[in-house]
Amino acid sequence: MSDTGPVRAPAPFRVPVAGGDLAGGQWHADADGMPLVGIHGITANHLSWSLVADALPGVRVVAPDLRGRGRSGELPGPYGMAGHADDVARMMDELGIERAVVAGHSMGGFVAVWLAARHPDRVERLVLVDGGLPVTGTADLGPARDRLRMTFASVEDYLAFWRRHPALGPWWNDAIEQYARYDLVGTPPALRSSVSEEAMSVNALELDGSGGYAEALAGLTLPIAFVRAPRGLLDADPLYRPEEVAEWRGRLPWFEAYEADDVNHYTIVMTEAGVRQLKPHLPGGFPPHPHFHSEPHTEPHRP
């Protein structure tokens with residue numbers, strides 16, 4: 001059952017990056033203060049941040065369609081996550097964003113970490129939403145991959161497909177519907193997802209922390225809030241076990257871990273119940289970090 005009314009549509013943008021234009025959307029473009037850059041997951045698009053933006057009316061919220069997804073679906077590779085991070089930095093340049101709080105959902109958390117590692121002057125703090133820590137088990141991406149190979153006769157058929165999804169259907173709302181509609185490209189009766197299977201495959205191989213990623217994460221020295229969903233991609237087993245999160249909490253003194261209540265990997269960002277639990281960690285809501293001065297650009301206290 002829907003838990004939202006009409007969702008505010010973002011203002012679309014396109015900015016030049018290697019190989020073409022990176023697309024996305026922004027909300028509250030004239031808002032003052034620290035902006036939020038939201039980075040979506042492995043087969044998602046920028047509209048996964050719609051309800052977050054609705055909950056932050058005084059914050060400029062900017063979210064790209066990563067290379068190989070959404071209206072950036074035709075951008076060529078390479079599709080590596082470090083390259084996605086460079087695309088996001090280029091987007092920030094073009095949109096006049098010097099520095100931002102950066103939130104990454106799922107695979108977007110990995111891109112956010114690479115952004116902080118490669119462009120540290122651009123990131124005020126990180127919010128990792130059920131993502132961004134190396135995945136030690138096997139994430140069940142099979143159903144998502146299958147969707148990328150399917151065609152649909154109509155928009156209604158695609159919406160019906162999503163309504164059957166165990167992690168989204170029971171919590172269907174206007175934001176999820178707009179997100180699903182935006183994902184479609186092509187013409188009936190051969191509509192399909194905008195997501196490049198090649199891009200997904202490349203990024204799936206990076207979820208284990210290989211290619212220098214785990215080292216990049218371990219080397220960060222900025223505030224990090226990690227919010228874990230207790231249920232996973234199919235509303236069952238979680239993507240991360242509590243002990244995996246605790247291990248990283250022990251390694252990084254500026255890493256704080258939080259448990260979301262009664263949400264899954266998708267509803268943590270795509271329902272009001274999930275967004276309420278994220279809001280304290282986003283611009284305008286987060287508390288001072290225990291290992292940092294209140295000034296934004298100082299070095300961290302080390303215990």
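Which residues are buried in H3? This report takes up that helix in a predicted model, then turns to its neighbours.

The buried residues of H3 are Met107, Gly108, Gly109, Phe110, Val111, Ala112, Val113, Trp114, Leu115 and Ala116. That makes ten of the twelve residues, so H3 is largely enclosed by the rest of the structure. The cover over these buried residues includes strands and helices. Among the strands are S3 (36-39), S5 and S6 (123-129). Among the helices are H2 (81-94), H7 (197-204) and H8 (213-218).

The length of H3 can be checked. At 1.5 Å a residue, its twelve residues should span 16 Å. The end C-alpha atoms of H3 are 17 Å apart, which agrees.

Ser106 sits in the loop between strand S5 (100-105) and helix H3 (107-118). Is Ser106 buried or exposed? Its relative accessibility is 14%. The cut-off for buried is under 20%, so Ser106 counts as buried.

The side chain of Ser106 makes a polar contact of 2.8 Å with the side chain of His265. Leaving aside residues up to four places away in sequence, Ser106 touches Gly41, Val129, Asp130, Gly131, Gly132 and His265.

## H2 against H3

How do H2 and H3 pack? Their axes are 8 Å apart, at an angle of about 70 degrees. Angles of 65 to 115 degrees count as roughly perpendicular, so H2 and H3 are roughly perpendicular to each other. Their crossing is right-handed.

On the H2 side, the residues in contact are Met81, Ala82, His84, Ala85, Asp86, Val88, Ala89 and Met92. They meet Met107, Phe110, Val111, Trp114, Leu115 and Arg118 of H3.

## His84 in H2

His84 lies in helix H2. Its relative accessibility is 1%, so His84 counts as buried.

## H5 against H6

Helix H5 (residues 155-163) packs with helix H6 (residues 174-183) at an angle of about 130 degrees. The two axes are 10 Å apart. H5 and H6 are therefore oblique to each other. H5 passes H6 in a right-handed crossing.

Which residues make the contact? H5 brings Val155, Tyr158, Leu159, Trp162 and Arg163. H6 brings Glu177, Ala180, Arg181 and Asp183.

Definitions and conventions. Residues are numbered from 1 along each chain as its sequence is written. This is a predicted model: local features need pLDDT of at least 70, side-chain atom pairs count only at pLDDT 80 or more; totals for chains, interfaces and linings use all residues. Side-chain values use heavy atoms; hydrogens and water are left out. Helices (H or I, at least four residues) and strands (E, at least two) are DSSP runs, numbered from the N terminus. Buried means under 20% relative accessible area, exposed over 50%, partly exposed in between (1.4 Å probe, protein chains only). A polar contact is a pair of N or O atoms within 3.5 Å; within protein, one must be able to donate a hydrogen and the other to accept it, and residues adjacent in sequence count only if both atoms are side-chain atoms. Contact means heavy atoms within 4.5 Å. The expected span of a helix is 1.5 Å times one less than its number of residues. Axes are lines fitted to C-alpha atoms, for helices over the stretch in contact, and angles run from 0 to 180 degrees between N-to-C directions. Angles under 35 degrees count as roughly parallel, over 145 as roughly antiparallel, 65 to 115 as roughly perpendicular and the rest as oblique. A crossing is left-handed if the near helix is turned anticlockwise from the far one by less than a right angle, and right-handed if clockwise.
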